[in-house]
Every structure is written in structure tokens, then in C-alpha cells.
Amino acid sequence: RNNYGQLGNGSRAETNEPHCCSTFPVEDFSLGAEHGILKASNGSIYTWGWNEHRNCGVDSDEDLLIPHCIQINGNVEKVIAGSGFCMVIINKLDCES
């Protein structure tokens, strides 16, 4: 399925063929029900796919057909996607200042 753009390839078309959707080294990623989140090795955070409830962390409820970079304040240690949410774990020291 790709009805919400969960493949991150710029379309909603279904496909059985693999494709490259990242042009940068990936440090961590997690896939939810119909969306995803990743941390690039440079620390940037990207989300894509189902976004009906703004679960991808952008200021819109439109589905994200390609990965979108989102701003996170702090050093992200881990990215997590669940059934209808995305979250990050931030280093505790970053939160104390």
C-alpha cells in the first residue's frame, strides 16, 4: 500500500519495486502504521506518509508524499513511530538548559 504516501517516493501509487528514497546516510528510522520517521547521520529529522492528525510533526494535516525535514530543539537520541504518532527521545542534558 501507498495510499498515504508511506513509501516516501512522491506518489500514492502502489509498487512492488524497491526504490532509493534517501540520498543521505541514515542513523535511525522507525515505521508507523502508514508513516515513517528517520534521523539522518547529520542529526536532521525527516517524516513522511499519513499525516491526518499532524502525526508527522508539520504544520499541516496533508499527507507527506516525500520526507520532510522537521525542526527539533535538542540532540535527538532515538526516533519512534507508532500507530498514529511520531516521537523523538532527546538527550536529558539538552532539556535542562
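Author: What follows sets values against their definitions.

Author: This is a predicted model, where local features need pLDDT of at least 70, side-chain atom pairs count only at pLDDT 80 or more, and totals for chains, interfaces and linings use all residues. Residues are numbered from 1 along each chain as its sequence is written, and side-chain values use heavy atoms, with hydrogens and water left out.

Reader: What makes V26 partly exposed?

Author: Its relative accessibility is 40%. Buried means under 20% relative accessible area, exposed over 50%, and partly exposed lies in between (1.4 Å probe, protein chains only). V26 therefore counts as partly exposed. Across the chain, buried residues make up 34% of the 97 residues.

Reader: Where does V26 lie?

Author: V26 lies in strand β1, residues 26-31. Strands (E, at least two residues) and helices (H or I, at least four) are DSSP runs, numbered from the N terminus. The chain has six strands and one helix, in the order β-β-β-β-β-β-α from the N terminus.

Reader: Which residues is V26 in contact with, leaving aside neighbours within four places in sequence?

Author: L38, K39, A40 and S41. Contact means heavy atoms within 4.5 Å. As for N73, its C-alpha atom is separated from that of V26 by 19 Å, at 47 residues apart along the chain.

Reader: Why does the radius of gyration agree with a compact globule?

Author: The rule is 2.2 Å times the number of residues to the power 0.38, over C-alpha atoms. With 97 residues, that gives a value near 13 Å; the chain has 13 Å, so the two agree.
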